[in-house]
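Please keep the sequence and the structure in view while reading.

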Amino acid sequence: MVIYMFDRFFNQDTPFWNEMGNIFDIFILNTLWLICCLPVITIGPSTTAFYYAMIQLARGESGSVSKDFFRSFKQNFKQGISLGIPLLALGLFLIIDIRMCYHAGTGIYSFFMFFFAAIFLFWLFITLYAFPILAKFDKKNREILLWAFVLSIRNLWRTLLMIAVLAFGLWTCHILIGLIFIAPGLIVWCNAHLAVSALKSYLPNPCAEQELKPLNFGEEDIPGQEESTLPQQADEENGHPQI
């Protein structure tokens with residue numbers, strides 16, 4: 001009986017060890033993300049790679065999380081920088097303005113504080129979806145920002161839940177700074193699951209025997225605009241990872 005219990009405990013196919021493996025993978029990805037964000041300008045490609053590896057993990061398609069991370073980091077490096085730097089600069093600008101207006105007092109400053117806060121909320125909506133879209137699809141930055149906004153509004157309850165997860169994670173890091181080595185990974189892990197749910201209609205079935213054709217959002221999503229496609233990223237020969 002004791003031997004059987006030990007065999008069950010150390011069997012790596014049990015749910016316990018599977019979850020421990022996932023936690024270890026999250027820790028590894030969190031560490032890689034922190035290291036690759038150190039130059040600051042690489043926050044975009046690093047966050048894209050973070051989401052790509054997490055989405056692979058969430059969909060049960062991950063082989064080696066570190067290989068997934070660096071493959072996406074390399075293949076989305078240029079576009080990740082061109083997308084990440086403007087988003088980062090805008091976010092910092094809005095946060096500084098909100099803080100300045102808050103400490104300036106009442107009157108016109110209160111108006112501008114709420115004005116900048118509203119813009120920041122829309123910025124957050126877009127940012128939460130922009131990097132998962134870049135991680136899994138081959139689109140130009142303008143199209144990524146457009147569809148990030150569309151998806152954030154269409155999946156409003158998921159978007160609000162993603163914001164709540166982000167806020168709670170940042171709060172815990174503020175309380176205990178050491179959690180920065182695991183909290184961002186847990187935030188992205190939760191938000192990756194929510195992003196997969198939002199993008200489910202546009203992602204191929206991981207169990208499908210054949211690769212799906214490029215998927216469409218459809219003309220009805222944006223009135224007056226021509227049909228826009230959101231094709232899955234091309235193979236490695238074209239510089240993008242396969243889904």
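Where is the place of valine 40? Valine 40 lies in the loop between helix H2 (15-36) and H3. The model is predicted, so local features need pLDDT of at least 70 and side-chain atom pairs count only at pLDDT 80 or more, while totals for chains, interfaces and linings use all residues. Residues are numbered from 1 along each chain as its sequence is written, and side-chain values use heavy atoms, with hydrogens and water left out.

**Two single residues**

Phi of valine 40 is near 70°, which is a positive value in a residue other than glycine. Phenylalanine 114 is found in helix H6. Between phenylalanine 114 and tyrosine 102 there are 12 residues in sequence and 9.4 Å in space, C-alpha to C-alpha. The table gives the accessibility of two residues; buried means under 20% relative accessible area, exposed over 50%, and partly exposed in between (1.4 Å probe, protein chains only).

| Residue | Relative accessibility | Class |
|---|---|---|
| Valine 40 | 43% | partly exposed |
| Phenylalanine 114 | 59% | exposed |

**Helices H3 and H6**

Helices (H or I, at least four residues) and strands (E, at least two) are DSSP runs, numbered from the N terminus. The axes of helix H3 (residues 43-58) and helix H6 (residues 108-136) come within 8 Å and cross at roughly 70°. H3 is therefore roughly perpendicular to H6, a term for angles of 65 to 115 degrees. The axes are lines fitted to C-alpha atoms, for helices over the stretch in contact, and angles run from 0 to 180 degrees between N-to-C directions.

Contact means heavy atoms within 4.5 Å. Residues of H3 that meet H6 include Thr47, Tyr51 and Ile55, and among their partners in H6 are Leu128, Phe131 and Leu134. The residues of this contact divide into eight nonpolar, four polar and one charged.

**Helix H8**

Helix H8 (residues 156-175) has 20 residues and reaches 29 Å from its first C-alpha to its last, close to the 28 Å expected at 1.5 Å a residue. That expected span is 1.5 Å times one less than the number of residues. Among the buried residues of H8 are Met162, Ile163 and Cys173. Their cover includes H6, helix H7 (141-154) and helix H9 (183-199).

**The whole chain**

The protein chain has nine helices and two strands, in the order α-α-α-α-α-α-α-α-α-β-β along the sequence. Of its 243 residues, 42% are buried.

How values were computed: Angles under 35 degrees count as roughly parallel, over 145 as roughly antiparallel, 65 to 115 as roughly perpendicular and the rest as oblique. Ala, Val, Leu, Ile, Met, Phe, Trp, Tyr, Cys and Pro count as nonpolar, Asp, Glu, Lys and Arg as charged, and the others, Gly among them, as polar.
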